[in-house]
Amino acid sequence: MSDENTKLVEFLNEKLPSLDLDSDTYLSYITGSLSTDEEELDEIIQLLQASSESYSEDDDTFQQLKKDILQLHTAFQQEMELKKEQDLQEKLEQMQLKQKQEFEASLLEKEQKQKELQKKREAEMDPAKKALIEQYAYDSSVKYDNDGNIIEEDTGAGEQVIGNKALAEKMNKERSQQLKGAAKASKKDEQAKSKQAKMDKMKQKEERRKRAQKGERKR
């Protein structure tokens with residue numbers, strides 16, 4: 001929309017000649033007075049009436065002219081205000097859309113970086129530990145460091161999240177500890193048996209020695 005009130009200009013170009021007035025001469029005076037106050041417009045209307053040869057005595061005609069001018073000017077001002085509001089709303093929507101697109105692009109970029117970092121970690125991971133991870137499937141609740149070690153995450157309620165792989169790791173560790181414990185217990189049992197056997201052997205030897213001494217005394 002142009003900043004010029006085209007409807008008012010068209011109206012005056014048609015109306016002024018009908019009042020024996022030159023539109024080229026008086027048009028700019030009328031439109032210029034509207035940017036100040038109504039008092040200046042009254043002075044312009046009086047000038048127009050005095051300049052009209054046929055309607056200089058017709059007050060009603062020029063009062064109606066003033067009313068028509070103000071009505072067209074007010075309507076134009078309202079249209080301009082509405083356009084400003086619409087333009088502002090459109091700019092706001094465009095800005096919100098741009099922010100949304102930038103946010104989504106940022107999330108996508110972050111996701112891509114995380115995937116690349118995960119691939120890099122897997123590439124640098126010890127083959128044996130990588131095989132263990134692949135064996136027990138991927139669990140998003142468990143994280144691994146560059147060496148393939150399991151990092152348990154806290155849920156915030158004092159509990160730790162352990163996934164399939166972490167559970168397998170934990171079970172393997174517990175089994176290893178159990179085997180070590182069993183081996184240790186078995187070793188103690190063997191030591192106890194060996195000690196008892198030595199004691200029994202010494203006891204038998206002592207008994208034979210005593211019997212031998214007793215036999216010599218009888219002679």
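Contact means that heavy atoms lie within 4.5 Å of each other. The legends below describe close-up views of a predicted model.

**View 1. Helix H4 and its buried residues.** Helix H4 has 66 residues. From its first C-alpha to its last, H4 reaches 97 Å, close to the 98 Å expected at 1.5 Å a residue. Thr61, Phe62, Leu65, Lys66, Asp68, Ile69, His73, Phe76 and Met80 are buried in H4. These buried residues pack against H1, H3 and helix H2, which covers residues 23–33.

**View 2. The crossing of H1 and H4.** The axes of these two helices come within 9 Å and cross at roughly 160°. Because angles over 145 degrees count as roughly antiparallel, H1 and H4 are described as roughly antiparallel to each other. H1 passes H4 in a right-handed crossing. On the H1 side, the contact is made by Lys7, Leu8, Phe11, Leu12 and Lys15; on the H4 side, it is made by Leu65, Asp68, Ile69, Leu72 and Glu79. The residues of this contact divide into six nonpolar, no polar and four charged.

**View 3. Leucine 8 in helix H1.** Leucine 8 belongs to helix H1, which spans residues 6–18. Leucine 8 counts as buried because its relative accessibility is 2%, and the cut-off for a buried residue is under 20%. When neighbours within four places in sequence are left aside, leucine 8 is in contact with Thr31, Leu34, Ile69 and Leu72. Leucine 8 and isoleucine 30 are 22 residues apart in sequence, and their C-alpha atoms are 10.0 Å apart in space.

**View 4. The crossing of H3 and H4.** Helix H3 comprises residues 38–51 and helix H4 residues 59–124. Their axes come within 10 Å and cross at roughly 140°. This angle makes H3 oblique to H4. H3 passes H4 in a right-handed crossing. Glu38, Leu41, Asp42, Ile45, Leu48 and Gln49 of H3 make the contact with Asp59, Phe62, Leu65, Lys66, Ile69 and Leu70 of H4. Seven nonpolar, one polar and four charged residues make up this contact of H3 with H4.

**View 5. Serine 52 in the loop between H3 and H4.** Serine 52 is located in the loop that lies between these two helices. With a relative accessibility of 2%, serine 52 counts as buried. Apart from its neighbours within four places in sequence, serine 52 is in contact with Leu19, Asp20, Leu21 and Phe62. Phe62 is also one of the buried residues of H4.

Definitions and conventions
Residues are numbered from 1 along each chain as its sequence is written. This is a predicted model: local features need pLDDT of at least 70, side-chain atom pairs count only at pLDDT 80 or more; totals for chains, interfaces and linings use all residues. Side-chain values use heavy atoms; hydrogens and water are left out. Helices (H or I, at least four residues) and strands (E, at least two) are DSSP runs, numbered from the N terminus. Buried means under 20% relative accessible area, exposed over 50%, partly exposed in between (1.4 Å probe, protein chains only). Axes are lines fitted to C-alpha atoms, for helices over the stretch in contact, and angles run from 0 to 180 degrees between N-to-C directions. Angles under 35 degrees count as roughly parallel, over 145 as roughly antiparallel, 65 to 115 as roughly perpendicular and the rest as oblique. A crossing is left-handed if the near helix is turned anticlockwise from the far one by less than a right angle, and right-handed if clockwise. Ala, Val, Leu, Ile, Met, Phe, Trp, Tyr, Cys and Pro count as nonpolar, Asp, Glu, Lys and Arg as charged, and the others, Gly among them, as polar. The expected span of a helix is 1.5 Å times one less than its number of residues.
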